[in-house]
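Biologist: Before we discuss the pockets and the helix packing, could you show me the model and explain the terms as we go?

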Amino acid sequence: SDALRARRLERRNLALLEQLARDTEIVGGSPAVEALRRQVDAAAHASGAVLVVGERGSGRQTVVRRIHALGRRAGSAFVEVPCAALDASAASVALFGGGDARGRLELAAGGTLFLDGVDRLDPALQDR
C-alpha cells in the first residue's frame, strides 16, 4: 500500500539523516576542536571555494562533508574523486568525462566536489 511504502521511505530517510550526522560530527571539546568547528561553520556559509588541508587520517573528509551538510549546497550532489588512486588518463575521464560518460565536475555542478588528494593529481590536469 502507499501508506506502507511512505512509512518505509520515511524510516530510510531518518536512517540516512542519522548516518549523515555521524559522518559529519567533529568529535572533541578542546579549544582547538571548538575553533575548528567555528571555522567549518564559517566555511559552510561562504560562497566561494574552500580548500581543506591536513595529514592523511586527520579528518579532511569529515570536515568537507560537514561543510557540505551545513551549507547552502546541502540539498545538491556531494561528489568525491579519489585523485591519488587515478592515473592521468583515468583522472581526466573522471573529472571531465569522455564519450557518453559525464565528468565529476559536471555531476557536482551546484553541489560539492571533493578532490581527495588533489596534490597527487597530474599537474597538467590541475592546470585545467
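Modeller: Helices here are DSSP runs of H or I with at least four residues, and strands are runs of E with at least two, numbered from the N terminus. Please bear in mind that this is a predicted model. In these terms α2 (31-44), α3 (60-70) and β2 (112-116) each supply at least two residues of the lining of the largest pocket, and α3 gives the most, with six.

Biologist: How do you know which residues belong to the lining of the largest pocket, and how many are there?

Modeller: A lining residue must have an atom within 4 Å of a pocket point, and 36 residues line the largest pocket, with Val52, Val64, Phe114, Leu115 and Asp116 nearest its centre. The space in this pocket comes to about 970 Å³, and its lining comprises 18 nonpolar, 11 polar and seven charged residues.

Biologist: Why are α2 and α3 called oblique to each other?

Modeller: The two helices pack at an angle of about 50 degrees, with their axes 8 Å apart. Angles under 35 degrees count as roughly parallel, those from 65 to 115 as roughly perpendicular and those over 145 as roughly antiparallel, the rest being oblique; α2 and α3 are therefore oblique.

Biologist: What makes the contact between α2 and α3, and which residues of each helix take part?

Modeller: Contact requires heavy atoms within 4.5 Å, and on this basis Leu36, Val40, Asp41, Ala43 and Ala44 of α2 meet Val63, Arg66, Ile67 and Leu70 of α3. By class, the residues of this contact are seven nonpolar, no polar and two charged.

How values were computed. Residues numbered from 1 in each chain as written. Predicted model: local features only at pLDDT ≥ 70, side-chain atom pairs only at ≥ 80, totals over all residues. Heavy atoms only, no water. 1 Å grid on protein atoms, 1.4 Å probe; cavity = no way out; pocket = protein on both sides within 12 Å on 5 of 7 lines; lining within 4 Å. Points joined across faces, edges and corners; volume = space filled by probe spheres on them. Nonpolar A, V, L, I, M, F, W, Y, C, P; charged D, E, K, R; others polar. Axes fitted to C-alpha atoms, helices over the stretch in contact; angles between N-to-C directions.
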